[in-house]
Amino acid sequence: MKRLVAALLLAAAGAAMVAPARAASDLNALQARAQAGDAEAQFQMGEAYRAGKGVAADQEAAIMWYRRATAQGHIRASEELGFALFAHGDRREAMPYIEKAAARGEARAFYLLGTAHFNGDYASRDWPLAYAQTERAAAAGLPAAQKNLEVMDHYLLPADKAKADQILATLPVVRTTPPDGTSVPARMPPVIA
């Protein structure tokens, strides 16, 4: 019995040591494809650096890979580039990417635009538009957007909310999956100043 347990433990330890080697090999192959110009591999490298999966998290490296994929027309990369630039503090550069993402129905983009229009940061101050965009993000299930709506409720007049309802009817519907069909994590903290 002790030999069986010892054999099982050795087998499990051996499998655990093979997994990191396989992951490193997979990452090396992905990086080679990315450096060869594969836009999807470049996007995946950006995701790896953003999340620290297989590599140390590095926001600047993520942005660099997202830029390369975006230059080739990779839609998800352009959206993530906007979010990464925004998080990195390059908000003025981020806004055109975020605006395009909202036009494609990206909930996180609606949230950031709503916040920008509410505060007048990197976008014109427009409370009815801000409220409508934030409503769209909140309806998609972003808790931070719901919190921002609660704050905005204290500032908007009934006429502003009525105008927001009109604007809301013209906004794109939030998509349930990104353009490439993969899932998108809702990872947006509240940013109302």
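## Overall architecture

Read from the N terminus, the elements of the chain follow the order α-α-α-α-α-α-α-α-α, and the secondary structure amounts to nine helices and zero strands, where helices (H or I, at least four residues) and strands (E, at least two) are DSSP runs numbered from the N terminus. The model is predicted, so that local features need pLDDT of at least 70 and side-chain atom pairs count only at pLDDT 80 or more, while totals for chains, interfaces and linings use all residues. Residues are numbered from 1 along each chain as its sequence is written, and side-chain values use heavy atoms, with hydrogens and water left out.

Of the 193 residues of the chain, 41% are buried, a term that stands for under 20% relative accessible area with a 1.4 Å probe, counting protein chains only.

## Helix α2

Helix α2 covers residues 39-51, and its 13 residues reach 18 Å from the first C-alpha to the last, close to the 18 Å expected at 1.5 Å a residue; the expected span is 1.5 Å times one less than the number of residues. Among its buried residues are F43, M45 and Y49.

After α2 comes G52, whose phi is positive, near 70°.

## Helix α5

The end C-alpha atoms of helix α5 (residues 91-103) are 18 Å apart, which agrees with the 18 Å that its 13 residues should span at 1.5 Å a residue. The buried residues of α5 include A94, M95 and I98, and what covers the buried residues of this helix includes α4 (75-88) and α6 (107-119). Just after α5, G105 takes a positive phi of about 90°.

Methods: Buried < 20%, exposed > 50% of the residue type's maximum accessible area, 1.4 Å probe, protein only. Contact = heavy atoms within 4.5 Å.
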